[in-house]
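Hi everyone, thanks for coming.

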Amino acid sequence: MVALVVAGVWSTVWFTREPVEILLQKAELALIKKQYDVAEALALQVLQRDANSSSALVIAGDAAKELNEFDRAIAYYDRVPDDGSPAAVAARRNAGRVYLLKKKRLTLAEDQFRRCLLQEPDDIYANDGMAYAMGVSGQYLELIPHRLKLIRSGSVNIHSLYELSLGSKLLADPIDAVP
């Protein structure tokens, strides 16, 4: 199925030679419409013309992630350089989320979120992901700045407040920590 979609999109693009910007717009629209095979195929067409297109790599990664092809998604995200661009921030954030939520690899998730936050310190999703990963791994003191950043940004939730209210009790026996 994927091969047929890729072949169809490729032949259409090859013969019409649409500008890269139009292909990227179509790929983004396909993502929005949840046509992940089409989005990835269009992103791959862009990458054939511009192998370093960070936007195409992020779209391809997002499409692969939605297709539950997590290793392929990570491979796309890893090709995006950490240059501070919106695509670089998105690649690090999305890779962190894949590692955290899909692959259950906390250390790799933390690394991706750290790289994201070096480029965009106020990224809400990276701060939330970092705080969550640190909370799961018992690094209470390290999660505090990330939760505070979320609160200051207005992205507060009950979980953030609860973690902060427990203080050092969060590190104690969970049965003793519950009020």
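So, asparagine 68: this residue sits just after helix H4 and takes a positive phi of about 65°. Bear in mind that everything on the screen is a predicted model.

Let's back up into the helix itself. H4 covers residues 54–66, so to speak, which is 13 residues. From the first C-alpha to the last, H4 reaches 18 Å, close to the 18 Å expected at 1.5 Å a residue.

Now, how many of the residues of H4 are buried? It's 10 of the 13, and that's a mostly covered helix. The buried ones include Leu57, Val58 and Ile59, and also Asp62. And what covers them? Among the things covering the buried residues of H4 are helix H2 (20–32), helix H3 (36–49), helix H5 (70–78) and H6.

Serine 54 is found in H4. Is serine 54 buried or exposed? Its relative accessibility is 14%, and buried means under 20%, so serine 54 counts as buried. If you leave aside its neighbours within four places in sequence, serine 54 is in contact with Val80, Pro81 and Ala87.

That takes us to H6, which spans residues 86–102. H6 packs with helix H8, residues 124–136, at an angle of about 30°, and their axes are 10 Å apart. Angles under 35 degrees count as roughly parallel, so that's what we call H6 and H8. As for handedness, H6 passes H8 in a left-handed crossing.

Which residues meet there? On the H6 side you'll find Arg93, Arg97 and Leu100. On the H8 side they meet Tyr125, Ala126, Gly129, Tyr132 and Ala133. If you sort the residues of this contact by type, you get 5 nonpolar, 1 polar and 2 charged.

Okay, let's zoom out to the whole chain. The chain has 179 residues, and 41% of them count as buried.

One last number, about contacts. Take the contacts between residues at least 6 apart in sequence: 44% of those join residues at least 24 apart.

Definitions and conventions. Residues numbered from 1 in each chain as written. Predicted model: local features only at pLDDT ≥ 70, side-chain atom pairs only at ≥ 80, totals over all residues. Heavy atoms only, no water. Axes fitted to C-alpha atoms, helices over the stretch in contact; angles between N-to-C directions. Helix = DSSP H or I, 4+ residues; strand = E, 2+ residues; numbered from the N terminus. Parallel < 35°, antiparallel > 145°, perpendicular 65-115°, else oblique. Left-handed = near helix turned anticlockwise from the far one by under 90°. Contact = heavy atoms within 4.5 Å. Nonpolar A, V, L, I, M, F, W, Y, C, P; charged D, E, K, R; others polar. Expected span 1.5 Å × (residues − 1). Buried < 20%, exposed > 50% of the residue type's maximum accessible area, 1.4 Å probe, protein only.
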